[in-house]
Amino acid sequence: MVPLTGYLLVGAFLFSAGLYGALARKNAIAVLMSIELMLNAANINLVAFWRYGDTPADLTGQVFAVLIIALAAAEAAVGLALIISVYRERKTVDLDELDLLAG
Amino acid sequence: MPELPPLPTISQLVFTGFALFTCASALGVVLARNLFHGALALVATLFGVAGLYVMLEAEFLAVSQVLVYVGAIATLITFAIMLTRSMMYGKTSPLNRQWGKTGLFAVMIFLALYGFVGSIPWADSAPAVLADESMIAALGVEFVTNYVVAFEVMGLLLLVALVGAVMLARDNN
C-alpha cells in the first residue's frame with residue numbers, strides 16, 4: 001500500500017509548479033494552464049484524504065473534487081473568452097503589455 | 001547480516017511511475033518555451049492525475065477528469081493558443097521580470113510543505129472500500145440529498161459561464 005505521504009507530496013509539487021507558472025509566465029494562457037495545475041493539486045489532496053480517512057463510505061471528498069472539476073471548466077471557458085476578447089482589442093496576450101490601468 | 005528494506009510492492013511501483021510522470025509533465029507545463037508544447041504537457045499531467053485517481057479507487061473521478069479536462073479544457077486551451085497566435089516562440093522570453101524571486105518562493109513553498117507533510121505520521125494503509133458501481137450510485141445519491149444546493153448552484157454557475165463566455169468572445173462587428 002502506498003503511504004498517504006506520497007500523494008500529498010505529488011499534490012505539493014503540482015501546487016508549487018503551478019504557483020511558479022502563474023506568477024512568472026508572461027503569456028495569459030500559460031497563467032491559466034498553471035492555475036489548472038493548482039486546482040488539480042487541491043483535488044489530489046481531497047481524494048487522498050477521502051481514501052485514507054476513517055470513513056471512506058462518507059463521500060464528501062469525492063463530492064468536493066467533482067465540484068472543483070466543474071468549477072475549473074467554467075473558469076477555463078470564461079478565462080479563455082476574456083483572453084480572446086483582450087487579444088482582439090490589443091493584439092497581444094502578453095501580460096506585461098496589458099498595462100492600461102498602470103499610472 | 002543487516003536486514004534489507006522490504007521490496008516495493010506492485011502498487012508502489014505503479015504509484016512511483018505515475019507520480020514521476022505527473023511531476024515531470026507539470027514541470028514541462030511551466031517551463032516549456034513553446035506554449036503549444038506546454039499545452040501538450042498539460043494533457044500529460046491531467047492523464048497522470050487521472051491515473052492517481054484510479055490508484056485511489058476513485059474511478060468516477062478519473063473518468064470525469066479525462067472527459068472534462070482532457071476532452072474539453074485542453075481542447076479549449078489549444079483553440080485559444082491558435083486563435084491568439086501566442087506562439088511567439090523564441091521572439092521574447094516567456095518569463096516576466098520577477099521569475100527569479102517567484103522561483104525561489106515556489107521552491108520554498110514546496111520545501112515547507114515537504115517538511116510539514118513529512119513531519120506528521122500519516123496513515124500507511126487505507127480502510128477497504130467497495131470499489132464498484134455501488135460507490136458511483138452512492139455519489140449520485142449524495143449529490144441529490146446532502147449536497148443538492150451545491151449541485152444546483154454549480155449547474156447555475158455553468159450556465160452563467162456558458163452565456164458569459166459566448167458574450168465575451170463574440171465578435172461585435
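Predicted model: local features only at pLDDT ≥ 70, side-chain atom pairs only at ≥ 80, totals over all residues.
On the chain A side, pick Gln62(A), Ala65(A), Val66(A), Ile69(A), Ala72(A), Ala73(A), Ala76(A), Ala77(A), Leu80(A), Ile84(A) and Tyr87(A). These residues of α3(A) meet a set in α3(B): Phe60(B), Leu61(B), Ser64(B), Gln65(B), Val68(B), Tyr69(B), Ile73(B), Leu76(B), Ile77(B), Ala80(B) and Leu83(B).

Now switch to a cartoon view and look at the two helices themselves. Two packed helices are described by the angle between their axes and the distance between the axes. Here α3(A), residues 60–90, and α3(B) have axes that come within 10 Å and cross at roughly 5°. Angles under 35 degrees count as roughly parallel, and α3(A) and α3(B) are therefore roughly parallel to each other.

How many residues of chain B are in contact with chain A? There are 82 of them, and they touch 69 residues of chain A. The size of an interface is often given as the accessible area lost when the parts come together. For chain B and chain A that comes to about 7,100 Å², with 76% of it on carbon and sulfur atoms. To see where chain B loses the most area to chain A, show Val30(B), Leu56(B) and Tyr69(B), which together make up 9% of what that side buries. Tyr69(B) is also one of the α3(B) residues from your opening selection.

Stay with the interface and turn to its polar side. Eleven residue pairs are in polar contact across it, both partners at pLDDT 80 or more. On the chain B side, the elements giving two or more residues are α1 (10–31), α2 (35–55), α3 (59–83), α4 (99–119), α5 (133–144) and α6 (148–169). Of these, α3(B) provides the largest share, twelve residues. Taken by class, the chain B side divides into 58 nonpolar, 17 polar and seven charged residues.

For the last stop, select Glu57(B) and Arg51(A), whose side chains meet in a salt bridge at 2.8 Å, N to O. Side chains of opposite charge can pair when their charged atoms come close. A search of the whole structure finds one salt bridge over all chains. The pair crosses between chains, from Glu57(B) in the loop between α2 and α3 of chain B to Arg51(A) in helix α2 (residues 28–52) of chain A.

Conventions:
Residues numbered from 1 in each chain as written. Chains lettered and ligands numbered in written order. Heavy atoms only, no water. Contact = heavy atoms within 4.5 Å. Buried area = accessible area lost by both parts, 1.4 Å probe. Salt bridge = Lys/Arg side-chain N within 4 Å of Asp/Glu carboxyl O. Polar contact = N/O pair within 3.5 Å; in protein donor to acceptor, adjacent residues only side chain to side chain. Helix = DSSP H or I, 4+ residues; strand = E, 2+ residues; numbered from the N terminus. Nonpolar A, V, L, I, M, F, W, Y, C, P; charged D, E, K, R; others polar. Axes fitted to C-alpha atoms, helices over the stretch in contact; angles between N-to-C directions. Parallel < 35°, antiparallel > 145°, perpendicular 65-115°, else oblique.
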